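Please look over the model below before reading on. The points that follow go from the whole chain down to single residues.

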Amino acid sequence: LGAGISVAAINYRHTDGGANPYPAPMLDAARAVQFLRYTANKYQLDESRIICTGGSSGGCMSLWLAFHDDLADLNSDDPVLRESTRITAVVPHAGQSSLHLPTILSWFELERLVEHPGGRPLFGIPPGAEIPQTKEFDKLTLDASPITHLSKDDPPVFMSYPPDQIVDENTDFRIWVH
């Protein structure tokens, strides 16, 4: 605090087996930024200098927020929702830049990958159910992918990842998803 740095740790709705699917976790992160801006005077924060970070899902949410258009709703009855969601920089660790399987497969030139158990709950797909192969599902997973929202006006990014490598389609999901 003496150096002018404040830290806020947030919670967000976990997917809870599909009960809180996308975009719930991302919107919770956005609301946290809006809350910090709304209460900036109270907590003596510089609302023009907000940086997000997180690991894994927190990294993905941070990237999504950094790249997404401003979610401020200037007509909302809720004064918190009228605040900007744009941030100054993002520093994710092992954050997923895409959640769109065709994109990931193309990046690594693979036909298939071992399924990550977090994917189904994030998109509200019950265990054992078939993953929808529809235009709507494709559009949803693209929208959930931070890289889809990337534009030249986005904040600076410093991404870090573990040194693991994807070898083939049988590579442990914890490696390829990060």
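1. Helices (H or I, at least four residues) and strands (E, at least two) are DSSP runs, numbered from the N terminus. From that end on, the elements of the protein run α-α-β-α-β-α-α-α-α. The tally is 7 helices and 2 strands. The radius of gyration, taken over C-alpha atoms, is compared here with a globule rule of 2.2 Å times the number of residues to the power 0.38. For 178 residues the rule gives 16 Å and the protein has 17 Å, so it is as compact as a globular protein of that length. The C-alpha trace spans about 50 × 35 × 30 Å along its principal axes.

2. This is a predicted model: local features need pLDDT of at least 70, side-chain atom pairs count only at pLDDT 80 or more, and totals for chains, interfaces and linings use all residues. Residues are numbered from 1 along each chain as its sequence is written, and side-chain values use heavy atoms, with hydrogens and water left out.

3. pLDDT is the predictor's confidence in each residue, from 0 to 100. The protein averages 92, and 100% of the residues score at least 70. Where pLDDT is low, the predicted coordinates should not be read in detail.

4. Buried means under 20% relative accessible area, exposed over 50%, and partly exposed in between (1.4 Å probe, protein chains only). Of the 178 residues, 38% count as buried. Contact means heavy atoms within 4.5 Å. Taking contacts with a separation of 6 or more, residues 24 or more positions apart account for 70%.

5. Which residues of helix 4 (residues 101-108) are buried? They are Thr103, Ile104 and Leu105. The buried residues of helix 4 pack against helix 6 and helix 7. Just after helix 4, glutamate 109 takes a positive phi of about 50 degrees.

6. Where is histidine 149? Histidine 149 sits in the loop between helix 6 (135-144) and helix 7 (173-176). Is histidine 149 buried or exposed? With a relative accessible area of 16%, histidine 149 is buried. Leaving aside residues up to four places away in sequence, histidine 149 touches Trp64, Phe67, His68, Asp143 and Asp154.
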